Amino acid sequence: SAMRLLLLVVALALWGMAAARCPTPCICDNLRAQVLCLSRNLTAIPGTIPQLTKKLDLRGNSFTVMPVGAFLATPYLTHLDLQRCKVERLEEGAFRGLGRLVYLNLASNGIALLYQESLDGLSSLQQLILEGNRIEEIQPGAFGHLGSLTVLDLRANALVYLPDMVFQGLQVLRWLRLSHNALHVLGSEAFAALPALRRLSLDHNELQALPSEALARLDGATRLDLGHNPITYVAEEALAMASLKHLSLDHAALQDVAPDAFALSPQLRTLDLRENQLQGLPPLAGGLARVSLAGNPLLCSCLLRPFRDWLARARVQAEGSCTAPPALRGRPLDSLRPPEMRCGHPRPPPSPAVPSEQPRAAGSGPCPRECACSPDFRHGSCGNRDLREIPQGFPRDTRLLDLRQNSFGTVPPGAFPGLKELVSLHLQSCGIGALRPGALQGLESLVYLYLTDNRISTLAAAAFAGAPRLAYLDLDRNAFAHLPTGVFQVLPNLVSLHLQHNAIRELAEGDLAGARALRWLYLSGNAIRSIAPAALAPAKVLEKLHLEGNRLTEVPTSALRGLPALSELKLSRNPIKRLRDGAFLLVASSLQHLYLDNMGLEQISPGAFAGLGPKIRSLYLESNKMSNIPDMSNFTGLEILNLRDVPFHCACQLLPLRRWIDKLNLHVGATCGSPAEARGLKVKLSVTFQTCPGWSRGEAGEASPDKTKAASNPSKKKRSGKSPARGFQKSRG
């Protein structure tokens with residue numbers, strides 16, 4: 001109609017007037033009402049952003065504090081991206097006036113606390129991304145004004161505790177992501193105000209038991225992720241979730257599951273129990289259709305027959321294979337016949353990382369008066385009791401002992417008498433400066449030892465005498481200046497070693513002597529400048545090596561020799577400026593995940609990725625400074641490729657990369673940094689390639705000359721009734 005046309009003309013005229021105010025360091029897209037101010041070292045929100053802007057991308061700046069009313073001048077915003085802006089505090093009312101905003105990304109900042117009014121004014125917000133901050137506390141009511149929110153991402157923060165009703169107000173939230181925190185206590189009403197929640201991700205936390213009361217409030221949730229938590233036992237009727245269909249408990253510490261553990265979750269169909277310590281399972285009540293037990297030390301004797309019979313009778317699909325007896329080792333569960341599953345043979349030696357089942361000592365004994373003991377779970381807890389000495393007198397069949405957040409200072413010899421069945425010992429944040437020789441004497445079943453956040457700078461091998469099965473040792477956030485040499489000789493079954501956020505300066509030859517079973521080595525956040533060529537050689541079965549956030553200036557290529565199983569290498573946030581030829585050649589046959597982001601990388605030699613190819617599944621190169629990358633056309637198995645925030649020079653030498661990106665069905669985020677006319681454009685949309693030899697009109701569809709002209713000259717682009725793409729979400733190329 002004439003009126004509609006008149007309104008459109010007026011709107012365009014207003015936008016044209018506003019566009020004249022485009023801030024100098026930014027790029028303004030008139031047609032899409034979009035402003036990009038990427039990595040411009042801005043310390044305040046630009047004051048001349050066009051009022052009618054809908055999408056504002058401010059990634060990679062330095063705001064520190066988001067003040068009250070920071071965006072009052074842009075009330076039409078629908079999408080706001082503030083990733084990696086060094087934001088530490090959101091003042092109450094910072095987003096007031098943004099009633100149209102549907103997407104807010106605050107990932108990878110330094111926010112530690114969410115105040116009650118920090119998110120006030122965001123009544124239309126649908127997605128809130130807070131991943132990778134330092135959030136330790138959420139004040140009640142922080143989300144009270146987010147009545148339209150459907151996705152809340154709180155991954156990789158520092159949450160330890162969730163109080164009751166902390167998510168009150170999120171009436172339509174469908175996915176709550178709490179992975180990679182330090183949660184070990186959940187209020188019984190923590191999830192009470194989430195009637196629409198369908199998925200809850202609690203994996204990679206410190207939960208020692210299923211938070212049954214809290215989870216029982218989630219009547220509508222269909223998917224629950226609880227993997228990578230130190231849960232040792234799932235008790236009778238532990239999970240009462242009426243709509244739950246998929247449960248993940250993989251990579252936990254499970255040793256037993258009660259027959260009726262899931263009886264009150266009648267819709268449960270798939271159960272993931274991979275990589276635990278289960279030697280068997282009883283028949284499970286409910287309507288399960290699939291159970292995954294891969295990576296468990298299954299003992300396929302007559303004791304497992306009831307479970308095998310239940311699988312056949314209930315037609316449950318099971319994944320997993322026998323570890324023992326020797327005659328059945330490697331046999332899939334679904335191939336077993338009852339006559340083969342015999343008893344009467346000597347019990348095989350257990351997996352190094354799994355304590356043997358021993359008979360309970362007669363009588364479970366008393367409990368120290370300062371502590372709480374659970375005979376059902378065989379747990380003892382004395383956390384945060386201001387204790388000065390390690391209490392004694394726990395029941396002899398205790399499996400898990402939680403002593404975190406006390407003030408012990410030292411662990412004396414024989415500190416844990418009579419605890420031969422103890423599997424998991426928690427001594428985090430106890431002010432410990434030393435483990436005396438014999439400190440762990442008698443802990444012959446100990447598998448997990450957590451010493452995070454103490455003051456330990458050295459360890460004597462004698463401290464670990466008497467704990468030969470120790471497999472997981474966590475020494476993050478201590479005061480080590482070098483690896484505790486000699487300790488690994490007495491820990492032949494050590495599988496996982498955490499030494500992150502210490503002060504280690506180098507890895508020398510012999511540091512890991514004896515660590516022949518080590519599979520995962522975490523050394524992030526130290527000050528490592530050099531790694532001797534033979535430093536890692538003793539760890540011949542090493543699978544994961546995390547070195548991000550150190551001071552390496554080159555890839556430690558020679559140190560990677562003799563690591564035939566290495567599948568994951570993290571070198572992010574090291575000051576490596578150049579990748580030399582053959583940098584990863586020694587691990588090319590096994591490497592699957594490679595992290596090279598945020599290094600200030602300026603040059604990648606043509607042969608840097610020599611040998612790598614179809615096995616590589618993920619490659620992270622974002623936030624670097626190179627303008628081109630070598631040929632990667634043989635990386636045919638890629639599932640993740642991140643090229644965001646790399647200033648590619650969109651000239652003819654980049655044409656092979658541009659063509660390769662166009663063929664990938666991946667979100668890579670590659671944009672041009674130069675020449676000036678292409679800056680900020682996706683590589684696949686740059687017009688600069690049209691003059692290159694071999695360019696054909698209409699090449700790769702959406703990057704054809706007609707379309708790229710439209711991208712570079714919005715005034716000539718055909719108007720469309722379609723709404724713009726949603727958010728600053730990943731887009732192919």
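Analyst: One definition comes first: a residue is buried under 20% relative accessible area, exposed over 50%, and partly exposed in between (1.4 Å probe, protein chains only). This is a predicted model, in which local features need pLDDT of at least 70 and side-chain atom pairs count only at pLDDT 80 or more, while totals for chains, interfaces and linings use all residues. Residues are numbered from 1 along each chain as its sequence is written, and side-chain values use heavy atoms, with hydrogens and water left out.

User: How many salt bridges does the count come to?

Analyst: Side chains of opposite charge can pair when their charged atoms come close. The rule for a salt bridge asks for a side-chain nitrogen of Lys or Arg within 4 Å of a carboxyl oxygen of Asp or Glu. Under this rule, the number of salt bridges is 24.

User: How many residues apart in sequence are the parts that Asp645 and Arg84 tie together?

Analyst: Asp645 and Arg84 form a salt bridge, with their closest N and O atoms 2.1 Å apart. Strands (E, at least two residues) and helices (H or I, at least four) are DSSP runs, numbered from the N terminus. Asp645 lies in the loop between β43 (640–642) and β44 (647–649), and Arg84 in the loop between β5 (79–81) and β6 (89–90), so the parts tied together are apart in sequence by 561 residues.

User: Which residue meets Glu189 in a salt bridge?

Analyst: Glu189 is partly exposed, at a relative accessible area of 25%, and lies in the loop between β14 (185–186) and β15 (199–201). The partner is also partly exposed, at 31%, and sits in the loop between α2 (212–215) and β16 (223–225). The two side chains meet at 2.7 Å, N to O, and the partner is Arg217.

User: What is the N to O distance between Arg331 and Glu340?

Analyst: Arg331 is partly exposed, with a relative accessible area of 23%, whereas Glu340 counts as buried at 17%. Their side chains meet in a salt bridge, and the N to O distance is 2.9 Å.

User: Which residues are linked with Glu131 in a network of salt bridges?

Analyst: Here the salt bridges join into a network. The residues linked with Glu131 are Asp153, Arg155 and Arg177.
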